[in-house]
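I opened this model to see how its chain folds and which parts can be read closely. My notes follow in the order I looked things up.

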Amino acid sequence: MSILLNIRINGNSYGLQVEEDETLISLLRNRLHLTGVKEGCGNGECGACAVIVDGQPVRSCIILAAEMEGKSITTIEGLTETDENGNRSEERRVGKECRSR
């Protein structure tokens with residue numbers, strides 16, 4: 001059975017149909033292509049899949065996407081700022097350091 005999920009991810013609002021057994025990591029990686037979230041152990045022990053949900057760290061491999069209704073999620077992609085050309089701030093900083101050497 002599919003469920004309508006209203007969610008905010010990295011500042012963008014989404015209305016998505018999710019299966020009731022779909023994990024948050026599956027939604028983020030496979031459907032939204034936010035591949036900065038990594039699957040490590042698959043059972044919530046390693047923390048590679050951690051995202052921030054309403055200001056708190058959550059292991060996305062052990063939580064269902066449907067439980068995120070109305071929540072705000074930040075992934076690693078949402079932690080960097082982009083300039084007018086779409087370049088992430090960390091990439092710009094590293095690029096300047098490399099060119100100055």
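**Contacts and overall layout**

I began with contact range. Of the contacts in the protein between residues at least 6 apart in sequence, 41% join residues at least 24 apart. I kept in mind that this is a predicted model.

Next I listed the secondary structure. I found two helices and five strands. Along the sequence they follow the pattern β-β-α-β-β-β-α.

Then I checked burial and surface. Of the 101 residues, 28% are buried. The accessible surface comes to about 6,500 Å², and 46% of that belongs to carbon and sulfur atoms.

**Confidence**

I looked up pLDDT before going further. The mean for the protein is 87. I noted that 79% of the residues reach 70 or more. Where is confidence lowest, and where is it highest? It is lowest in helix α2 (residues 89-99), at a mean of 47. It is highest in strand β5 (residues 72-74), at 98.

I also looked at the stretch 91-101. There pLDDT stays under 50. The model has four contacts beyond four places in sequence for these residues. Low pLDDT means that predicted coordinates should not be read in detail, so I left the details of that stretch alone.

**The core**

I asked which residues have the most contacts inside the largest nonpolar core. They are L24, L27, L28, M68 and I73, in a core of 21 residues. I traced the suppliers: β1 (2-9), β2 (12-19), α1 (24-31) and β3 (50-53) each give at least two residues. The most come from α1, with four. Nonpolar side chains tend to be buried together in soluble globular proteins.

Leaving out residues up to four places away in sequence, M68 touches L5, N6, I7, L24, V53, I63 and I73.

**Helix α1**

I looked up which residues of α1 are buried. They are L24, I25, L27 and L28. Why do they sit on the same side of α1? They cover an arc of only 165° around the axis, which puts them there. I then checked what lies over them. The cover includes β1, β2, β3 and β5. After α1 comes H33, and its phi is positive, near 60°.

I went along β3 and sorted its side chains by face. V51 and V53 point to one face and are buried.

I then looked for pairing. Four bridges join β3 to β4 (residues 56-59), and the two strands run antiparallel. Two bridges join β3 to β5, also antiparallel. V53 stands opposite Q56 in β4. V53 also stands opposite I73 in β5.

I52 was my next stop in β3. Is I52 buried, partly exposed or exposed? I52 counts as partly exposed because its relative accessibility is 32%, and that class lies between 20% and 50%. Beyond four places in sequence, I52 touches P57, S72, I73, T74 and L79. I took the C-alpha to C-alpha distance from I52 to T74: it is 5.0 Å, across 22 residues of sequence.

**Loop residues**

I checked phi in the loops. D54 lies in the loop between β3 and β4. The hairpin of these strands has two residues between them, and D54 takes a positive phi near 45°. D54 is not a glycine. Its relative accessibility is 46%, so D54 counts as partly exposed.

N10 lies in the loop between β1 and β2. Phi of N10 is positive too, near 50°, and N10 is a residue other than glycine. With a relative accessible area of 23%, N10 is partly exposed.

My last entry is T75, in the loop between β5 and α2. Is T75 buried or exposed? T75 is buried, since its relative accessible area is 2%. I listed what T75 touches, again without residues up to four places away in sequence: I9, N10, L28, L34, V37 and V51.

Key: Residues are numbered from 1 along each chain as its sequence is written. This is a predicted model: local features need pLDDT of at least 70, side-chain atom pairs count only at pLDDT 80 or more; totals for chains, interfaces and linings use all residues. Side-chain values use heavy atoms; hydrogens and water are left out. A nonpolar core is a set of buried Ala, Val, Leu, Ile, Met, Phe, Trp, Tyr and Cys residues joined through side-chain atoms within 4.5 Å. Buried means under 20% relative accessible area, exposed over 50%, partly exposed in between (1.4 Å probe, protein chains only). Contact means heavy atoms within 4.5 Å. Accessible areas come from the Shrake-Rupley method with a 1.4 Å probe; for residues, only the protein chains shown count as cover. pLDDT is the predictor's confidence in each residue, from 0 to 100. The arc is that of the directions from the helix axis to the C-beta atoms. Two strands pair if DSSP finds at least two bridges between them.
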